[in-house]
Amino acid sequence: MSETTMSGETTDGATTSAAAREAGPAATGPVEFAVVGRGWRADFYLRVARLVPERFRCLGVVTRDADAGARLEREWGVPTYRSPKDLAAACDPEVVVTSVPRAVNPAVVRELVSLGLPVLSETPPARDGEGLRELWAAVGDSGLVQVAEQNPYLPIMTALRAPVLRDALGELTSVHVSWTHDYHAMALARAFLRLEAEPARVTAFRTEGPLLEGPGRGGRPTDPRVRRAAHTLAVLESRGVTAVYDFTDTQWFHPLRRSQLILRGSHGEVAGGRVTWADDDGTVHSAPVHRRQTGWDGDLEGADLDTLTWAGHVLYRNPYRGARLSDEEIAVATCLERTAMWRRGQGPAPYPLAHACQDHLLSLALHAAARDRSAVTTGREAWAAAVDNEVAGPLAP
């Protein structure tokens, strides 16, 4: 597979696709943001601001605990505030990220909107269907709320949505997601299948089986043991296409449950990182999606993602090259920066509240179907028109 040059052309003459050129948002000036909440998830945003200071600037963190605030100030060098109102009085962030439990997130979002602050909400934006409907009724027409769903902006997911690759696959008919859970998986499925807010029929079942413990948020277990792990398998049918959901608890970081994605279309498929497709005359071709990672062997550029290429096309170019971000951090940064671009009128909404409500509605239906061992059919909700009418980044043509 070819290597890419600094000009965007590959050494064998391959070209950079539109998706790769657009993969790196370029907001004017650094994104000035704030965070409500603290912990593992909030640290992603603080880490991005520290590692890419020319693109991101954290103006402050809201935490009601003064001692926790003092620790954050020492560790991250950012001011802290005891309430969103205090934050709004002290600074004017372009975006405020909520990183709080789903049970309290709706109240935080409503408060920020009442202060006129643009919000990048935690996922999911509310706990259940009733909470989603109440939140939508309260802030749905405010035009201020996006949701921090980063999975469609993972480098590989962006690459696989590249127009040149989609054209090779023809009309997509199904997607099999064994990558992440619940609403995150639904966001990926809808992005690939370009589903809007159509009613969907969901069937599912859940089983349990033994699985050796794997790493978690805190790292590797010191004494791994075999424990019972739930496995959920579901099928979503809508508008003549299907999405298969396949997830085992703790799969996110588990080396024994590798993340997998299968896309199938009228003219080809993606499976195991390899694309197989047919020309109009029926000639079949196959080529892998190649990841160029710097810092290997004698490469002294530093450990970093460079590009994702396929069959002579650059599908994705790391917009934060040199910062040495993980793929997850790249996706979080991309969603945050695209939110600022949207606020500045420089791009489409990255992941509007209506889309987040629809994806969580589907994940709730999935778990209800698994629990009751019966099919669940979703209806059109109050946010359906907004989903159908808004051009969100992951669903944009």
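## Charges over rings

Arg343 lies over the face of Trp342, at 5.7 Å from the ring centre. A charge is taken to sit over a ring if NZ of Lys or CZ of Arg is within 6 Å of the ring centre and within 35 degrees of the ring normal. The charged end of Arg47 likewise sits over a ring, that of Phe44, at 4.7 Å from its centre.

The model is predicted: local features need pLDDT of at least 70, side-chain atom pairs count only at pLDDT 80 or more, and totals for chains, interfaces and linings use all residues. Residues are numbered from 1 along each chain as its sequence is written, and side-chain values use heavy atoms, with hydrogens and water left out.

## Aromatic pairs

The structure holds 5 aromatic pairs. Rings of Phe, Tyr and Trp (its six-membered ring) pair if their centres lie within 6.5 Å; planes under 30 degrees apart count as stacked, over 60 as edge-to-face and the rest as tilted. Trp252 and Phe253 form a tilted pair, 6.5 Å centre to centre with 50° between the planes. Trp252 is partly exposed at 40% relative accessibility, and Phe253 is partly exposed at 38%; buried means under 20% relative accessible area, exposed over 50%, and partly exposed in between (1.4 Å probe, protein chains only). Together with Phe247, these two residues form one aromatic cluster.

Trp277 and Trp310 form an edge-to-face pair, 5.0 Å centre to centre with 70° between the planes. This pair links distant parts of the chain, with Trp277 in strand β14 (residues 274–278) and Trp310 in strand β16 (residues 304–310), 33 residues apart. Helices (H or I, at least four residues) and strands (E, at least two) are DSSP runs, numbered from the N terminus. Both Trp277 and Trp310 are buried.

## Nonpolar cores

A nonpolar core is a set of buried Ala, Val, Leu, Ile, Met, Phe, Trp, Tyr and Cys residues joined through side-chain atoms within 4.5 Å. The largest has 75 residues, of which Phe33, Tyr45, Phe56, Val175, Leu263, Trp310 and Leu336 touch the most other members. Helix α10 (residues 327–343) contributes the largest share of this core, 7 residues. A second, separate core of 35 residues includes Ala34, Leu87, Val119 and Cys357.

Leu336 is in contact (heavy atoms within 4.5 Å) with Val31, Phe33, Tyr45, Phe56, Val95, Val97 and Leu120, not counting residues up to four places away in sequence.

Helix α9 (residues 182–193) has 12 residues and reaches 17 Å from its first C-alpha to its last, close to the 16 Å expected at 1.5 Å a residue. The expected span is 1.5 Å times one less than the number of residues. Because 12 of the 12 residues of α9 are buried, the helix is largely enclosed by the rest of the structure. Asp182 is found in this helix and has a positive phi, near 50°, in a residue other than glycine; its relative accessible area is 14%. After α9 comes Arg194, whose phi is also positive, near 55°.

Asp359 lies in helix α11 (residues 353–372) and is buried, with a relative accessible area of 0%. Not counting residues up to four places away in sequence, Asp359 touches Tyr183, Met186, Ala187, Arg190 and Tyr351. Of these, Tyr183, Met186, Ala187 and Arg190 are buried residues of α9. The side chains of Asp359 and Tyr351 are joined by a polar contact of 2.4 Å. A polar contact is a pair of N or O atoms within 3.5 Å; within protein, one must be able to donate a hydrogen and the other to accept it, and residues adjacent in sequence count only if both atoms are side-chain atoms.

Val139 is in helix α6 (residues 129–139) and is buried at 3% relative accessibility. Val139 touches Val109, Arg110, Val113, Val145 and Leu353, not counting residues up to four places away in sequence.

In the loop between β6 (119–121) and α6 lies Pro124, which is joined to Thr123 by a cis peptide bond with omega of about -15°. Asp297 is found in the loop between β15 (284–294) and β16. Asp297 has a positive phi of about 50° although it is not a glycine, and counts as exposed at 82% relative accessibility.
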